[in-house]
Amino acid sequence: MILMMMMMMPVYASSLRVSFSSSPSSSSSSDSVRTHLSRLSSSPLLAPSPNDGFQAHVRRKPGVAHAAPLSDNSGEYHSRRPPTPLLDTINFPIHMKNLSIRELRQLADELRSDVIFNVSKTGGHLGSSLGVVELTVALHYVFNAPQDKILWDVGHQSYPHKILTGRRDKMSTIRQTNGLAGFNKRSESEYDCFGTGHSSTSISAGLGMAVGRDLKGRKNHVVAVIGDGAMTAGQAYEAMNNAGYLDSDMIVILNDNKQVSLPTATLDGPAPPVGALSSALSRLQSNRPLRELREVAKGVTKQIGGPMHELAAKVDEYARGMISGSGSTLFEELGLYYIGPVDGHNIDDLISILKEVKSTKTTGPVLIHVVTEKGRGYPYAERADDKYHGVAKFDPATGKQFKGTAKTQSYTTYFAEALIAEAEADKDVVAIHAAMGGGTGLNLFLRRFPTRCFDVGIAEQHAVTFAAGLACEGLKPFCTIYSSFMQRAYDQVVHDVDLQKLPVRFAMDRAGLVGADGPTHSGSFDVTFMACLPNMVVMAPSDEAELFHMVATAAAIDDRPSCFRYPRGNGIGIELPPGNKGRPLEVGKGRILLEGERVALLGYGTAVQSCLAAASLTESHGLRITVADARFCKPLDHALIRSLAKSHEVLITVEEGSIGGFGSHVAQFMALDGLLDGTVKWRPMVLPDRYIDHGSPADQLAEAGLTPAHIAATVFNVIGGTREALAVMS
Amino acid sequence: MCSALTPPPSAVTHRLRLFAPTSNPIPIHTRIDFRPRASSLNDTVPSPSSSFYDLLGISESGTLLEIKQAYKQMARKYHPDVSPPDRVDEYTQRFIRVQEAYETLSDPRRRELYDRHISSGLPLAFSSRRSNRFDEELEARSEWKSNWQSQLNDLRRRSSQKDSRGNVSWGARMRRQRDEQVAAD
């Protein structure tokens, strides 16, 4: 008996794999086999759990992550790593190939516990990852990554994918400096086929990979997983339109969890997802037309009597065939073959469908509509309005997040309060955002002014032109989009807003470096691409009080477009204007914060705070320098720059943006004004010409060379005080 | 027999044209009610076969705000403390049912399950107790399963057509090219 089982074990190069079938065997012999096998198959990275290695967990509820309690009273989750005997044997997808369906279900449960445990220790994206656990397992079981390409749209749901593709041991470093990225990254692993972070790119990229495969004569599969939220973006339709036309073989998996916005909820509770597409997708699930027909049929039967009952039954059958057989006209019209809806938490279903589609010789583009639940398997996430989309470190047993205590609030909250104050005073003020009600703070605005806040779904381009349309009618639209996502809407900003000089106000949150989200989300380029537009007023607050004033300034600028940028993070603790109502600033006027000599630091935005800190560093070395806050990049405060250039030896411009931004505009002006023909030295401090990887904000700033120490060192280096420069840097 | 069903243009109103034994087709709106109605609208307790939507007096595509408003209205009316003394039991029963209706319809997930329940045409009274919901979920999911199984069969049938000479899409041409190369090797 033991010999037979030994012969059945296929041996792989790296580690000994065990295939255990579920055939019944006598308990004593199977026990000895098990202990023998458990000693043999130890993965190089993780020791097998102390529990009886391969005994299947008894599951209390189907589909709920289960961690065996150490004691009866410790509850379902505990902060020690939950035992994951089966997951411990999986390092790469190839190790899954011999598992049975029952074992795959167990693997999914263990994977779920592991995701919860990991995210509880590091923070990150939880809800989305929990929703796709079964899907991830099914995909890696059926397909052969990395030859088969599996693309994850946005990538924030790819934590289970990372765990199954050789990065489980590094999950404790996710979103930290030098650790795993929070999204997919090609340079991190060959299993990450395409870098993602912004949404709705997976079908486009997948189609490109499919066509490339066809041109090269290869035979691998291409699978793109995209959510119903990402489906609200135009690029997804551009891609499907093209895919249907080219007719190349590829699989699109629509992960439908009825979540579009972040959160898909107001401050008071869950909300239906925005957009007509969402109701179309739920009609596919609830089969409403069929029900109505049934009601009609029932009614007709009752009214007319017995013999009609047969007729009504026939009508029912006919209707069912017509409605359910046609699948979905929306995707079919675009040329994708529609399969679904499918229960996304049922591994059996997922595997049989994927196997079937994989084995069908020629499919063209296929769309599988999978229905999942965000946060599934972790009750606190299921119940939360935001489904625990993005969480800080938390206690798995209670679901409570460890939120640090900060003395001030975030710039986001201050912006929302400022906008509410403006909207109270002026009924024409309206707000627009693209599915980011939580992240932009506009959920606060929505609660106060339910009819004046517009969530357009993930559609930044439409948001900008929509705002332009509103401005045409005399309203005062505040288009609140993250700096990084504004990149998507650039043509609309130029062509639809700036060219026509429409007074749309752009509030760009997450400007500069953003920390754990990394380069995909950092707002490095907005000063550059906004300030080069002829009609745009470009400004940036140096603290939260300035932010209130700039919101008021933007509200007052009614003859041309304007924009302002503010970073991720909390305020500095300065006193706020009374009633949260700012005063409009004089456009094109900066201010001097510190008077000094020899060197002037001209900062833009919150970099001014770093300048002030640098000034105190230089003062401790005996040099009192001037610090000025430019406030406006366009129009520049010419008088301020002239006076600084004429009364100092050195002028250093500081900003948290790329080349071509504030510093370049200052240099341009100085050159044209003849200020560079004299003795003043101008030096720019900008973000370096490379992408700064994810990490803590402090690490990123150090990597970028924009910390107060760096600024002070630059000051000393320019005036020849290299010894002081070294002293400041150490 | 059945004239063409017009697809619903929006989620709000639907019109279905159904054949009738008489010559003129009857345009019928979404909510058809052939149940015997009491003469006074709100006095009798509705039969268990009426839906939650009927109970609250709103249409099946009612928004959350409408549901809330209807519930508040009904709750104020049928609360045992304010009901006329001779009809306390009746009103209390109704109040409980209204409560249940609101709980189910105000949660998007439960509302979706409930919608599926009605569409499946089960005569059982809907209950928000977990075991019953689980059974319904199973039933709804099995409906989906037969659906996608037939779709997969259809996919297989179509795949043979996709390879035929008649298909001139870019993908088909590349596939033919690849197959010819493989055959040549």
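Predicted model: local features only at pLDDT ≥ 70, side-chain atom pairs only at ≥ 80, totals over all residues.
Residues are numbered from 1 along each chain as its sequence is written, and chains are lettered from A in the order in which they are written. Local features need pLDDT of at least 70 and side-chain atom pairs count only at pLDDT 80 or more, while totals for chains, interfaces and linings use all residues; side-chain values use heavy atoms, with hydrogens and water left out.

User: What pattern does chain B follow along the sequence?
Analyst: Helices (H or I, at least four residues) and strands (E, at least two) are taken as DSSP runs, numbered from the N terminus. Chain B has six helices and two strands. Read along the sequence, the pattern is β-β-α-α-α-α-α-α.

User: What percentage of the 730 residues in chain A is buried?
Analyst: Buried means under 20% relative accessible area, exposed over 50%, and partly exposed in between, with a 1.4 Å probe and protein chains only. In chain B, 37% of the 185 residues are buried. For chain A, with its 27 helices and 21 strands, the buried share is 58%.

User: What share of the contacts in chain A with a separation of 6 or more comes from residues 24 or more positions apart?
Analyst: A contact means heavy atoms within 4.5 Å. In chain B, residues 24 or more positions apart supply 44% of the contacts with a separation of 6 or more. The corresponding value in chain A is 76%.

User: Which residues touch the most other members of the largest nonpolar core?
Analyst: A nonpolar core is a set of buried Ala, Val, Leu, Ile, Met, Phe, Trp, Tyr and Cys residues joined through side-chain atoms within 4.5 Å. The largest one holds 58 residues. Apart from it lies another core of 51 residues, among them A:A467 and A:L533. In the largest core, the residues that touch the most other members are A:L126 and A:L139.

User: Why does A:S189 count as buried?
Analyst: A:S189 is found in the loop between α6 (159-167) and α7 (202-216) of chain A. Leaving aside neighbours within four places in sequence, A:S189 is in contact with A:T165 and A:R167. A:S189 counts as buried because its relative accessibility is 12%.

User: Which residue is the bridge partner of A:Y337 in β8(A)?
Analyst: Strands β7(A) and β8 (residues 365-371) of chain A run parallel and are joined by five bridges. In β8(A), the bridge partner of A:Y337 is A:V366.

User: Which residue in β18(A) is the bridge partner of A:L594?
Analyst: Five strands of chain A form an open sheet in the order β16-β18-β17-β20-β21, with mixed pairing. Three bridges join β16(A) to β18 (residues 626-629) of chain A, and these two strands run antiparallel. The bridge partner of A:L594 in β18(A) is A:V627.

Note on methods:
Pairing = 2+ DSSP bridges.
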